[in-house]
Amino acid sequence: MVSNPVHGLPFLPGTSFKDSTKTAFHRSQTLGYRNGYAIVRRPTVGIGGDRLQFNQLSQAELDELASKAPVLTYGQPKQAPPADFIPAHVAFDKKVLKFDAYFQEDVPMSTEEQYRIRQVNIYYYLEDDSMSVIEPVVENSGILQGKLIKRQRLAKNDRGDHYHWKDLNRGINITIYGKTFRVVDCDQFTQVFLESQGIELNPPEKMALDPYTELRKQPLRKYVTPSDFDQLKQFLTFDKQVLRFYAIWDDTDSMYGECRTYIIHYYLMDDTVEIREVHERNDGRDPFPLLMNRQRMPKVLVENAKNFPQCVLEISDQEVLEWYTAKDFIVGKSLTILGRTFFIYDCDPFTRRYYKEKFGITDLPRIDVSKREPPPVKQELPPYNGFGLVEDSAQNCFALIPKAPKKDVIKMLVNDNKVLRYLAVLESPIPEDKDRRFVFSYFLATDMISIFEPPVRNSGIIGGKYLGRTKVVKPYSTVDNPVYYGPSDFFIGAVIEVFGHRFIILDTDEYVLKYMESNAAQYSPEALASIQNHVRKREAPAPEAESKQTEKDPGVQELEALIDTIQKQLKDHSCKDNIREAFQIYDKEASGYVDRDMFFKICESLNVPVDDSLVKERQGLAMLPELVSNS
């Protein structure tokens, strides 16, 4: 490609050179697509990427155009001549808006009509914004009709504003000189004019009619052909013959409603109906004998009579198409009388004979409408929340004020103060828990368990009450039907899981052995065998016992010596039973331990001689079972 960047030189050989920086020699694209549509684009660069100079303005030319004022070149523009003025009386000459309206006029001194509807035409003259109200003249109306309000500008409010054509529309009320006119429609010219001015017209309404005028349009007299039915013959034939039906009115669907019984009497002599209430003793209702007085009951009304106020005027034959007759009262069917639906469930023998002879209906069985008790609703307890016992939590669902669950009083009296004690160890992977010992106390009266941990000096673990009295649920038992630990679950080697902690029974006291011996049927063979093996091991002389005796801790030997000395002093005391009862009273947790101060207080109250120097050597706890039970 050879180019000549120097302007003014001819494009001849020797005066041009090749530009080696240009590599693209294609033509610019003139067709593109935008938002899916093909558009034509004017190229801005030529072959080789050179910018095209034609049809492009330089920056200097653009600046000149921006600052150039046409006024300097062409002078001041000439204003257009004003439009010709057309006055309103010429523009809107003979243009009148017409609206159809009516107003209601009271008629105070007339027995035939209470009010009168008068139809008028409201004219609005656009040339001077004046209005007139004209009532079409009706021949022989007896009313002064014609121009009610002559043409003039009408005041809209007390401030002196006048009605404008923008204030008029269909379906509105306008007040003129104290009279309220209802605008219902307008003519075609008025509709076109208002819509062209941007006013949205309301839908047209139906013109109200004068009720007295419509009544006069009906024929003055109606001739009715007399019926061939002889009412006197009916009266003489069916005198004192009454059909008796037993019915119920079920109003239980409404608030405070109930199911009430009634007696329906149908008098054959004049086809009248009477409804009597059936009162029971202490039903809480006033003894009104009649629910509905004797009268004829309409079954089907005329279409126009449905909205008529029937409560203030008796219904005549003109408003009723069909009356209730004897064939409408059938046992086993329902019928609606005065808005109440009665279900007939029985009738008397005379009514059965009448239906058999008159209508040939023989099957009128009595229907059982006695109120049946609904099936008991199964009470479902909510899920256990984990607080307290399941029995205590369930009492909140049985009564608004919960009561304590019932207890087995006989069991509590028989097993009062009977406690089974076991020695257990905690099954734990922690090395510090291997030397911990626990005393399980099982109370036979309430099936509750308490756990006490004897304090060990310098062990780093605070002893005392480990678990208060409570029932312990066995593992793998459901929350809805919990299974608690019983006496048969406690034996040597048994694993007891208490709220996620596993304990292994190591030893029992003497009372447990006696209890198992007297109630062997409650325990499994495995439990009895474990106790027997434990007793044999305890009675058999151990060769290593003497060597272990010498290797005992000096503190343990000192405690055993203290216990033996106190037992010798209490052995010959005269009130051993009182001592046992006193220690059991002050040992409220039944743990078998009391502190030193309480021990001295009990001994002082019972005048028990105790060597003070021996006890002061031990600042720990005194074991209640060994001091009292072995004495």
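A polar contact is here a pair of N or O atoms within 3.5 Å, of which, within protein, one must be able to donate a hydrogen and the other to accept it, and residues adjacent in sequence count only if both atoms are side-chain atoms. The model is predicted, and local features need pLDDT of at least 70, side-chain atom pairs count only at pLDDT 80 or more, and totals for chains, interfaces and linings use all residues. Residues are numbered from 1 along each chain as its sequence is written, and side-chain values use heavy atoms, with hydrogens and water left out.

View 1. Strands (E, at least two residues) and helices (H or I, at least four residues) are DSSP runs, numbered from the N terminus. With a relative accessibility of 15%, arginine 436 counts as buried, a term that means under 20% relative accessible area, whereas exposed means over 50% and partly exposed lies in between (1.4 Å probe, protein chains only). The side chain of arginine 436 makes polar contacts with the side chains of glutamate 453, at 2.8 Å, and aspartate 433, at 3.1 Å. Not counting residues up to four places away in sequence, arginine 436 touches Ala424, Val425, Leu426, Glu453, Ile461 and Tyr466, where contact means heavy atoms within 4.5 Å.

**View 2. The open sheet of six strands, in the order β22-β21-β20-β19-β24-β23.** The pairing in this sheet is antiparallel, and two strands are taken to pair if DSSP finds at least two bridges between them. Because β22 (464–470) and β23 (495–498) stand at the edges with a single partner strand each, one side of each is left without a neighbour in the sheet. Direction ignored, neighbouring strands are turned by 30° against each other on average; axes are lines fitted to C-alpha atoms, for helices over the stretch in contact, and angles run from 0 to 180 degrees between N-to-C directions. The antiparallel strands β23 and β24 (residues 501–508) are joined by four bridges, and valine 495 stands opposite isoleucine 504 in β24.

**View 3. Helix α10 (residues 510–518), packed on the sheet.** This helix touches β19 (419–426) and β24, and its direction makes about 115° with that of β19. Val512, Leu513, Tyr515 and Met516 are the buried residues of α10. Seen down the axis of α10, these buried residues fall within an arc of 165°, so they line one face of the helix; the arc is that of the directions from the helix axis to the C-beta atoms. The buried residues of α10 pack against β19, β24 and α11, while the face turned away from the buried side carries the exposed residues Lys514, Glu517 and Ser518.

**View 4. The largest nonpolar core, with 28 residues.** Such a core is a set of buried Ala, Val, Leu, Ile, Met, Phe, Trp, Tyr and Cys residues joined through side-chain atoms within 4.5 Å. Tyr422, Phe440 and Phe490 touch the most other members, and at least two residues of this core are supplied by each of β19, β20 (437–443), β21 (448–453), β23, β24, α10 and α11 (525–539). Leaving aside neighbours within four places in sequence, phenylalanine 490 is in contact with Tyr422, Phe440, Tyr442, Ile449, Tyr485, Ile496, Ile505 and Tyr523. A second, separate core of 25 residues includes Tyr266, Val273, Met297 and Cys347.

**View 5. Aspartate 447, in the loop between β20 and β21.** The side chains of aspartate 447 and tyrosine 442 are joined by a polar contact of 3.1 Å. Aspartate 447 touches Lys411, Tyr442 and Lys471, when residues up to four places away in sequence are not counted. Valine 419 is 28 residues from aspartate 447 in sequence, and the two are 9.8 Å apart in space, C-alpha to C-alpha.

**View 6. Strand β11 (residues 242–250) and its pairing with β12 (residues 259–267).** Nine bridges join β11 and β12 in the antiparallel sense, with aspartate 250 opposite cysteine 259 in β12. β11 is also joined by four bridges to β18 (residues 340–347), and these two strands likewise run antiparallel. The bridge partner of phenylalanine 245 in β18 is cysteine 347.

**View 7. The hairpin of β3 and β4, with two residues between the strands.** Strands β3 (residues 31–34) and β4 (residues 37–40) pair in the antiparallel sense over four bridges, and leucine 31 stands opposite valine 40 in β4. In the turn, asparagine 35 has a positive phi of about 55°.
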